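Reader: I have not looked at this one before. Can you walk me through it?

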Amino acid sequence: MLDTARLMKGLREQTGGFARAVTGGDPDARVPTCPEWPLRTLVGHIGQAHRYAADVVRKGEPPSVPDPWQADPGTPGEWAGWLHEGAEDLIGAIQETGAGTELWTFLGPRPASFWLRRMLADTCVHHYDAAITTGAAFEIAGDLAADVITEGLEMLVAPGAETLKPELAELRGQGERIGIRPGSTDGWVLIRTPGGIRWERGPVEADVVVSGAVADLMLVCARRLPLDDDRVEITGDRALLEHWLARMVF
């Protein structure tokens, strides 16, 4: 896991990238990867989610879950400032409360930094959504993309995850292995066991392996980049990979 300082810097980086991507965009443009949402609602979701997380951190308990359709990001010319304010609100809440302070999360008590990391991961993925909607460039540092993958896998195996997402029980198996390999370096291996899915970092030896740049692998794991995209390569049992991807995203 990245340290708190890097998570804060990363949230600023990706919120800034998101803000640049939506600047000048049509508020009513449909987001291809979130087809239910127009661009305005995507903007509303990010700014609203950051503020919601800040509220949780300050209060230590959940407020009511916000509706992104009800968010008011202002006029398009105000979006960037509103987005940056939301990120700074969350960062300020973490600084005030303390990153290590245990508080409520939807997976049980966790350090406050859980919310910083969760919002960073959400912002990274939705930055991509914004970029492909408006035609802007999408950029993400390798360490951030890698942590988005790790954070997602950690949520899959967290106690209580199957209660929130019952389809995770379908990922139990008999030792089947799914590999995520960035280039020629070590990556992530998921193992389907009778008791549930687990994962590890290290050399990738698996029944199916998806390989590519770490940013592209992040997008595959977030179900943003299709498996037939030429930026990634699949070797082995493709159906096993597809089965996992259909069930893994929170």
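Author: This is a predicted model. One place to begin is Ser211, whose bridge partner in strand S9 is Glu233.

Reader: How do S8 and S9 pair, parallel or antiparallel?

Author: Strand S8 (residues 208-212) pairs with S9 in the antiparallel sense, over 5 bridges.

Reader: What is the strand order in the sheet?

Author: The order is S7-S6-S5-S8-S9, in an open sheet of 5 strands with mixed pairing. S7 (196-202) and S9 (232-236) are the edge strands, each pairing on one side only. On average, neighbouring strands are turned by 15 degrees against each other, direction ignored.

Reader: Which strands does H5 touch?

Author: Helix H5 (residues 142-157) packs on the sheet and touches S5 (176-182), S6 (187-193) and S7. The direction of H5 makes about 150 degrees with that of S7.

Reader: And where does H7 lie?

Author: Helix H7 (residues 214-221) lies across S5, S6, S8 and S9, and runs at about 140 degrees to S5.

Reader: Change of topic. How do the axes of H1 and H3 cross?

Author: The axes of H1 (residues 4-22) and H3 (residues 79-97) come within 9 Å and cross at roughly 170 degrees. An angle over 145 degrees counts as roughly antiparallel, so H1 and H3 are roughly antiparallel to each other.

Reader: Which residues make the contact?

Author: Among them are Met8, Leu11 and Phe18 of H1, and Trp79, Leu83 and Ile91 of H3. By class, the contact has 12 nonpolar, 5 polar and 2 charged residues.

Reader: What comes just after H1?

Author: Gly24 does, with a positive phi of about 85 degrees.

Technical notes: Residues are numbered from 1 along each chain as its sequence is written. This is a predicted model: local features need pLDDT of at least 70, side-chain atom pairs count only at pLDDT 80 or more; totals for chains, interfaces and linings use all residues. Side-chain values use heavy atoms; hydrogens and water are left out. Axes are lines fitted to C-alpha atoms, for helices over the stretch in contact, and angles run from 0 to 180 degrees between N-to-C directions. Helices (H or I, at least four residues) and strands (E, at least two) are DSSP runs, numbered from the N terminus. Angles under 35 degrees count as roughly parallel, over 145 as roughly antiparallel, 65 to 115 as roughly perpendicular and the rest as oblique. Contact means heavy atoms within 4.5 Å. Ala, Val, Leu, Ile, Met, Phe, Trp, Tyr, Cys and Pro count as nonpolar, Asp, Glu, Lys and Arg as charged, and the others, Gly among them, as polar. Two strands pair if DSSP finds at least two bridges between them.
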